[in-house]
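This report examines a few local features of one protein chain. Please consult the sequence and the structure shown here while reading.

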Amino acid sequence: MNSKTIVTSHPDIACDVCERRLLRGEQPETFLVAGASRTVCELCVPRAAHQGWKRVSDLDAAAVTLARPRRARGIFDRFRAAGRAHWAEPEAANENGAANDDAVPVRRGGDRADDGAARERDLAAEVEHELSELDGVEAPAGPLARALEIFNATEYPRRIGGVARSLGAPEVSVRELDVSGVVAIVVAWELCWYRYRVDIDDPAAGAELVAQGTELHELEREERDVNAMADDHGALNLHALS
């Protein structure tokens, strides 16, 4: 009888960008470079894309157009929309140019101005009422919270969540740098750490991975001061003030 060998060890997979061996649970991406496939860890995907490498998943989905979800309108958007609708009503009532006994008469001059002012007062009262219902709920403010909003809109939270599934919850430090408008974010585990930079004056640029390492002593002392946390999906949030 021929014996069979059972392999239980996790195969070693190294990233072709940083040459780091991937941890159990990490999901690498496959890129094509000059017709050859390259394995890239989740944290090095932006570097690979910047070098012009083509991600296989992007090539497969090139013909698929995803509909962008429509963002819910806020109360001030509704305020402006209602005002535009008010001024458009008279023209819509007589758009056919024909006399109609049932049509709403067009108000002009002082009557139209008075009605517009009254409508605006009603809308303002409605907005004030909705704002009063939010009394006591403090919205995130300040450069640190803004930087995290920009960071969470990138693909980095998904990668942080993937590493956290293997290494547990990370330590997160968010602090302003000496450069105006620039915030540094450090996400660290016992085995690795990553430093990001966000320019809140240029939100379209998103977040940038500027450094990474495997030893916590490589970090500065203030970068070990934890003031934020990552949720189950890797999104970062400031600690609630006690």
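Strand β1 (residues 29–33) is joined to β2 by five bridges, and the two strands run antiparallel. Within β2, Ala-36 stands opposite Val-33. The model described here is predicted.

These strands belong to an open sheet of three strands, arranged in the order β2-β1-β3 with antiparallel pairing. Its edge strands are β2 (36–40) and β3 (54–55), each of which pairs on one side only.

## Cysteines without disulfides

How many disulfides does the count give? The count comes to zero disulfides. A disulfide would require two cysteine sulfur atoms within 2.5 Å. For Cys-15, the closest cysteine sulfur belongs to Cys-41 and lies 3.8 Å away, which is too far for a bond. For Cys-18, the closest is the sulfur of Cys-44, at 3.6 Å, and this is likewise too far for a bond.

Cys-15 and Cys-18 can also be described by their accessibility. Cys-15 has a relative accessible area of 2% and is therefore buried, while Cys-18, at 22% relative accessibility, counts as partly exposed.

## Helix α5 and its covering

Helix α5 comprises residues 142–152, and its buried residues are Ala-145, Ala-147, Leu-148, Ile-150 and Phe-151. An α-helix has 3.6 residues a turn, so residues three or four places apart point the same way.

Which elements cover the buried residues of α5? The covering includes the helix α6 (156–167) and the strands β4 (171–176), β5 (182–188), β6 (193–199), β7 and β9 (236–238).

## Aromatic rings

The count of aromatic pairs comes to five. In one of them, the rings of Phe-151 and Tyr-156 have centres 5.9 Å apart and planes at 15 degrees, so this pair is stacked. Planes under 30 degrees apart count as stacked.

Phe-151 and Tyr-156 are both buried. Ring pairs also bring in Tyr-196, linking it with Phe-151 and Tyr-156 into a cluster.

## A glutamate in a loop

Glu-223 is placed in the loop between β7 (207–213) and β8 (228–230). Is Glu-223 buried or exposed? Its relative accessibility is 4%, so Glu-223 counts as buried.

A polar atom of the Glu-223 side chain lies 2.9 Å from the backbone nitrogen of Glu-220. When neighbours within four places in sequence are left aside, Glu-223 is in contact with Ser-173, Arg-175, Val-186 and Arg-195.

Definitions and conventions. Residues are numbered from 1 along each chain as its sequence is written. This is a predicted model: local features need pLDDT of at least 70, side-chain atom pairs count only at pLDDT 80 or more; totals for chains, interfaces and linings use all residues. Side-chain values use heavy atoms; hydrogens and water are left out. Helices (H or I, at least four residues) and strands (E, at least two) are DSSP runs, numbered from the N terminus. Buried means under 20% relative accessible area, exposed over 50%, partly exposed in between (1.4 Å probe, protein chains only). A polar contact is a pair of N or O atoms within 3.5 Å; within protein, one must be able to donate a hydrogen and the other to accept it, and residues adjacent in sequence count only if both atoms are side-chain atoms. Contact means heavy atoms within 4.5 Å. Rings of Phe, Tyr and Trp (its six-membered ring) pair if their centres lie within 6.5 Å; planes under 30 degrees apart count as stacked, over 60 as edge-to-face and the rest as tilted. Two strands pair if DSSP finds at least two bridges between them.
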